[in-house]
Amino acid sequence: MIRNVPLTAVQAAVYKELSSNIRGYNVYDDSTPFEDGELVDSRYLVIGETTGKPSSAKRDCPVWEVTVNINAFSNYHGKKELDEMLDDIVQVLTGSAELEQIEIAGYYFHGLEIDMVEAFKEEYEDGTVWQHGVVRVIVKVEQKEM
């Protein structure tokens, strides 16, 4: 029987890994860093949309696949800085997964895979240009017995 949905637990674990291991820019948990209507960072990460799908027929301890989108933003003119940020995300999360360092409250960690990496430019009416990238990861977890 499914008792808990792991979205918050997985998002918190991803946030912890990124914010503990990435230097030089901030990681935000589903918010944009504004102060008085102005952006305070020239580059940053935002943990975005999450989805969860039960992937097991086991009713007592379901296995879930949780997809987490990590957005990277940079106002650097060119893709170099953004590409480095995307690389940081992938290195931190895959490295932590390989070392089995990812702890998810209430769940057993069964693995992490990179689903896709994307980079594109966002141009705004005021002439501002931001580089925007997305790393989509799939985290497999099994609910601990209650």
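Arginine 43 has serine 74, in strand S5, as its bridge partner. This is a predicted model, in which local features need pLDDT of at least 70 and side-chain atom pairs count only at pLDDT 80 or more, whereas totals for chains, interfaces and linings use all residues. Residues are numbered from 1 along each chain as its sequence is written, and side-chain values use heavy atoms, with hydrogens and water left out.

The chain contains two helices and seven strands, the elements being DSSP runs numbered from the N terminus (H or I of at least four residues for helices, E of at least two for strands). Followed along the sequence, their order is α-β-β-β-β-β-α-β-β. Strand S4 (residues 43-54) is joined to S5 (residues 63-74) by 10 bridges, and the two run antiparallel; strands count as paired if DSSP finds at least two bridges between them. S4 also pairs with strand S1 (residues 26-29), here in the parallel sense and over four bridges, and within this pairing tyrosine 28 stands opposite valine 46 of S4.

Helix H2 (residues 80-98) has 19 residues that, at 1.5 Å a residue, should span 27 Å, which agrees with the 27 Å between its end C-alpha atoms; the expected span is 1.5 Å times one less than the number of residues. Glu81, Leu82, Met85, Leu86, Ile89, Val92, Leu93, Ser96 and Ala97 of H2 are buried. They cover an arc of only 145° around the axis, which puts them on the same side of H2, the arc being that of the directions from the helix axis to the C-beta atoms. Lys80, Gln91 and Glu98, on the other side of H2, are exposed. Here buried means under 20% relative accessible area, exposed over 50%, and partly exposed in between, with a 1.4 Å probe and protein chains only. The cover over the buried residues of H2 includes helix H1 (7-21), S4, S5, strand S6 (107-123) and strand S7 (129-143).

Most residues other than glycine have a negative phi. Glutamate 100 counts as exposed because its relative accessible area is 67%.

A search of the whole structure finds three aromatic pairs. Rings of Phe, Tyr and Trp (its six-membered ring) pair if their centres lie within 6.5 Å, and planes under 30 degrees apart count as stacked, over 60 as edge-to-face and the rest as tilted. Tyrosine 44 and phenylalanine 73 form a stacked pair, 5.1 Å centre to centre with 25° between the planes. Since tyrosine 44 lies in strand S4 and phenylalanine 73 in strand S5, the pair ties together parts that are 29 residues apart in sequence. Tyrosine 44 also forms an edge-to-face pair with tryptophan 130, 6.0 Å centre to centre and with 65° between the planes; tryptophan 130 lies in strand S7, so this pair ties together parts 86 residues apart in sequence. Tyrosine 44 counts as buried at 4% relative accessibility, and tryptophan 130 is buried with a relative accessible area of 8%. Tyr28, Tyr44, Phe73 and Trp130 form one aromatic cluster.

For the chain as a whole, 41% of the 146 residues count as buried. Among contacts (heavy atoms within 4.5 Å) with a separation of 6 or more, 62% are between residues 24 or more positions apart.
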